[in-house]
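The sequence and the model come before the discussion.

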Amino acid sequence: MPVAKFCAGALLMCAVAFPALAQQASRRDDFYWLGEINKASAVINSEEGLLDPAVAPRIAAGLDQVLRAGDAPNGRRPNLVITFEPLLIDAAGVEATLLHAGRSSQDMLSTVRAAMMREDLLRLAEQLRKTTATMTRLAERHAGTVVPNYTNGVAAQPNSYGHYLLGHVAGLERDAQRLREAFARVDRSPMGTTVLNGTSWPLNRDRMARYLGFPATVDNAYDAAQITAAEMPVELGALATGIAIHAGAFVEDVMTQYAQSRPWILLQEGGGNTYVSSAMPQKRNPGLLNDTRAEASRVVTLGIGRAIQAHNIPPGMSDPKSPRDNAAVIAGAIRVLENWDRILNAMVISPERALEELNSDWTASQEVADVLMRKYRLPFRVGHHFASEIVDYAKEHEIRPTDFPYAEARRIYADTLREMKVEGGELPMSEEEFRSTLDPVAIIRNRATAGGPQPAEMTRMVAAANRTLAEQEEWIRAQRGRIDGALASLDGDFGRLLARAR
């Protein structure tokens, strides 16, 4: 899907969710923000003696004509100062360039780009919150679903699937933190700094910032267009890359199940989730997983590209500043999160099959060493060696954990003590305790450390995740409300200036 088409669609969805955006959100492009800057310049400068109050209404009328024409179907919406200004001159005469006192394309376009990046980040924040909320609901539903977890590509330990998902939720929460931190750095107005070191015109930078919905200005005039304007795209690229890496790791974990003849997790068939092989009738290819991984790889490529374009150039160059390129990175990250949300809603998990896989392997063997050390004070390395010898014997004789002969366990224990020169008697675990120690469900239930998968900790962590999600939603609403309120205030004051021309 083309970036422009995608972005328009995303803005439309935001407008439905937040009615204050309904009128203009889908048109907040370069042209829109150039218009807002000119409107604010007309109001502020006429009220503060930098623009003749008798001339200002005529300029405002010409500006209004340009903006209305741009909003019309197929209207001209130039995205550069040097292509916007001729339209303003045609509409209001050359005296309209009085608005340009103390301004430059550099501070104006830096402001436009910051405003657009700010909007993109809010759209990303909303989709990130939505995907995280879906994952949190799934984690709560599967708090008691015991499944294998893997390290180094090998089944390692049993775990609650809900606990596994909350691990990914924690990663997405850090992405949300990084997003808010990046937003705070983007959310500063460069306007009024001109090119390098400000201007002799006493521009009211703070008032300009407030009209455009910025809570602060970029303090240093050289930083505004020369340093931070090239730096922020790199930060956005890193943010998007982090999200894509998290998504790719999750996708690959699910993909490993498709290599098994009897997976314990699959996607619901059809609906764009899977597709049938053209040659092999038994295959149901996980198209949604493949598409999401491919999109994540594109985002990583684009994100790293922002750093490459900003590398080894003198301050102020435009290489990394392209609004289209920067928007493409965020749009790609949004698509990754949308697809990830679809994956979460399409997953079919079989707790019975997962437990069968656990009981067919020795992923619970570490618990034997832990119990011997915790309860019977056997040195861990001795207990670990004992458990490892049991696993070797079991695999050599194709014995499952549920079927391992207790007599063999006692023999191996005695051999281990002799080999490691440790004094002791018989295996202190009864047969019942030995078998319960190898029970994956009991292992999860009996975990004692904070942050583990035991029921009490799962309840606590799900509640904490939901509180964080509510805070994220409130933060998004507050930022949008502040920006929309500021722009509405500008519209009101510009409307009063415009009325004087009639």
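## Loop residues

G270 is partly exposed, with a relative accessible area of 28%. The structure is a predicted model, and in it G270 belongs to the loop that joins strand 3 (265–267) to strand 4 (275–276). The C-alpha atoms of G270 and A346 are 9.9 Å apart in space, while 76 residues separate the two in sequence.

Most residues other than glycine have a negative phi. N312 is not a glycine, yet its phi is positive, about 60°. K421, also a residue other than glycine, has a positive phi near 55°. N312 sits in the loop between helix 9 (287–310) and helix 10 (323–346), and K421 in the loop between helix 14 (406–419) and helix 15 (431–437). Because exposed means over 50% relative accessible area, N312 at 68% counts as exposed. K421 is exposed as well, at 75%.

| Residue | Relative accessible area |
|---|---|
| G270 | 28%, partly exposed |
| N312 | 68%, exposed |
| K421 | 75%, exposed |

## Hairpin

Strand 1 (residues 146–151) pairs with strand 2 (residues 154–160) in the antiparallel sense, over 6 bridges. V146 has S160 in strand 2 as its bridge partner. The hairpin has 2 residues between its strands, and N152 takes a positive phi near 55° there.

## Helix pair

Helix 12 (residues 365–376) packs against helix 13 (residues 380–396) at an angle of about 145°, and the axes are 8 Å apart. Their crossing is right-handed. On the side of helix 12 the contact involves S365, V368, A369, D370, L372 and M373; helix 13 contributes F380, G383, H384, F386, A387 and V391. Sorted by class, the contact has 8 nonpolar, 3 polar and 1 charged residues.

In soluble globular proteins, nonpolar side chains tend to be buried together. The largest nonpolar core here has 98 residues, and those with the most contacts inside it are L124, Y161, F250 and M347. Helix 5 (residues 105–141) supplies the largest share of this core, 15 residues. With residues up to four places away in sequence not counted, M347 touches L138, Y161, F250, V254, I265, L266 and L267. A second, separate core has 24 residues, among them I399, F404, Y413 and M429.

Definitions and conventions. Residues numbered from 1 in each chain as written. Predicted model: local features only at pLDDT ≥ 70, side-chain atom pairs only at ≥ 80, totals over all residues. Heavy atoms only, no water. Pairing = 2+ DSSP bridges. Helix = DSSP H or I, 4+ residues; strand = E, 2+ residues; numbered from the N terminus. Axes fitted to C-alpha atoms, helices over the stretch in contact; angles between N-to-C directions. Left-handed = near helix turned anticlockwise from the far one by under 90°. Contact = heavy atoms within 4.5 Å. Nonpolar A, V, L, I, M, F, W, Y, C, P; charged D, E, K, R; others polar. Core = buried A, V, L, I, M, F, W, Y, C linked by side-chain atoms within 4.5 Å. Buried < 20%, exposed > 50% of the residue type's maximum accessible area, 1.4 Å probe, protein only.
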